[in-house]
Amino acid sequence: MKFGILFRPQDPPDAANIVGRWQEVLAAARVAEEAGFDGLFIPEHHMMPDGYPPSPWAALGALAAITERVEIGTTIHLLPFEHPVHVAEHAAMTDVIANGRLRLGCGLGNFPSEFELYGIDPRFQVSRFEECIEIVQRLWAGEELDFHGKHFDVQGRITPLPVGAQLWLGAMSEPGVRRAARFGCPWPTDPLHNIGVMKDWADTYRAAGREYGTSDKLGVHLLRDGWVADSLDEVERTWWPHIRADHWFYFEKVPRWVAEREPFLQDVAGEADFHFDRHRIDRLIVGNPDDCVASIRAFQEAIDPEYLIMSFRMASGPGHEQELDCIRRFGREVIPAFRST
């Protein structure tokens, strides 16, 4: 199993120190490669006051330039908001610079304001997304396109071609995981839902792969939030307030939970109703190194992921030096338990 980090490069509340924040991300990237991680990933959203990255390309180029071994990528690039030819070209150039290390995770998008920003009707987001996927895949394969779809007309080809890039498709629903299988793409999960939801979607994804004949191209890439420390008490004190706020955002502002599969949500009226002792079970990877190893093994047994992509520091914290210590400790005391000798 590979191990990655999904960085959260924002600087809340108003991006006043966004330059410094990105210098911290690049420093953490170097430390992560030295610590034994296999991949480094960044997110995307638009019009966020905290400086949430709206475009991955410059950041991916920077990560490619300062690293030598690790894969670099996105979880998730919002594919419907960019012309697929541009995506194919930008990604190909990034992959060339990275010498084949690009892993471009793509998703539908879910914020109404983002569709308004680009003048895109969200009623057609699925068909637009699927056209984008097809165009990128065919251009990366070196095809000379004569494509005329509902949303795009493309005639021609791209150059240079990528040398090792992979296209991943994110999903948070049964139709979404089936789509990823149909296009023969690895599936980066969400970090929110519990192990039972992840198992059901993973089973659906793999069954769809058998149905579409794409099983040999698939892979479950599990996203999780976590923190390694001396104890669960330390995690709750120093890290939990930050992740609680992040998970509350996806409950209050942008509902992304499958509520019927998360019984604890029935009693939630405010952020304070997210309780660490209940929320962490079968969801977070936290505690001392032995706690983290045990949680990862439970996910391995349930869904057999090929990749575990961790988010340690949230936008609001903990601090940079604490993040670096966590990355080093995870690499030193957790990852070796999953390396063959």
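Where is the place of A62 in this structure? The place of A62 is in helix 2, where helices (H or I, at least four residues) and strands (E, at least two) are DSSP runs numbered from the N terminus. This is a predicted model, in which local features need pLDDT of at least 70 and side-chain atom pairs count only at pLDDT 80 or more, while totals for chains, interfaces and linings use all residues. Residues are numbered from 1 along each chain as its sequence is written, and side-chain values use heavy atoms, with hydrogens and water left out.

**Helix 1 and helix 2**

- Two packed helices are described by the angle between their axes and by the distance between the axes.
- Helix 1 (residues 18–35) packs on helix 2 (residues 57–66) at an angle of about 40°, and their axes are 10 Å apart; axes are lines fitted to C-alpha atoms, for helices over the stretch in contact, and angles run from 0 to 180 degrees between N-to-C directions.
- That angle makes helix 1 oblique to helix 2, since angles under 35 degrees count as roughly parallel, over 145 as roughly antiparallel, 65 to 115 as roughly perpendicular and the rest as oblique.
- Helix 1 passes helix 2 in a right-handed crossing, a crossing being right-handed if the near helix is turned clockwise from the far one by less than a right angle, and left-handed if anticlockwise.
- W22, L26, A29, R30 and E33 of helix 1 make the contact with A59, A62, L63 and I66 of helix 2, where contact means heavy atoms within 4.5 Å.
- Sorted by class, this contact of helix 1 with helix 2 has seven nonpolar, no polar and two charged residues (Ala, Val, Leu, Ile, Met, Phe, Trp, Tyr, Cys and Pro count as nonpolar, Asp, Glu, Lys and Arg as charged, and the others, Gly among them, as polar).
- A62 is partly exposed, with a relative accessible area of 27% (buried means under 20% relative accessible area, exposed over 50%, and partly exposed in between, with a 1.4 Å probe and protein chains only).

**Helix 7 and helix 11**

- Helix 7 (residues 195–212) and helix 11 (residues 289–303) pack at an angle of about 35°, with their axes 9 Å apart, and their crossing is right-handed.
- In this pair, I195, M198, K199, A202 and R206 of helix 7 meet A298, F299, A302 and I303 of helix 11.
- T204, which is also found in helix 7, counts as buried at 19% relative accessibility, and T204 touches E174, V177 and R178 when residues up to four places away in sequence are not counted.

**Strands**

- Four of the five residues of strand 1 (residues 2–6) are buried, so strand 1 is largely enclosed by the rest of the structure.
- Strand 1 pairs with strand 11 (residues 307–311) in the parallel sense over four bridges, and two strands pair if DSSP finds at least two bridges between them.
- Three bridges join strand 1 to strand 2 (residues 39–42), and these strands run parallel, with I5 standing opposite L40 in strand 2.

**Backbone details**

- Most residues other than glycine have a negative phi, and most peptide bonds are trans.
- The peptide bond from T75 to I76 is cis, with omega near 25°, and I76 lies in strand 3 (residues 71–78).
- A15, in the loop between strand 1 and helix 1, has a positive phi near 60°.
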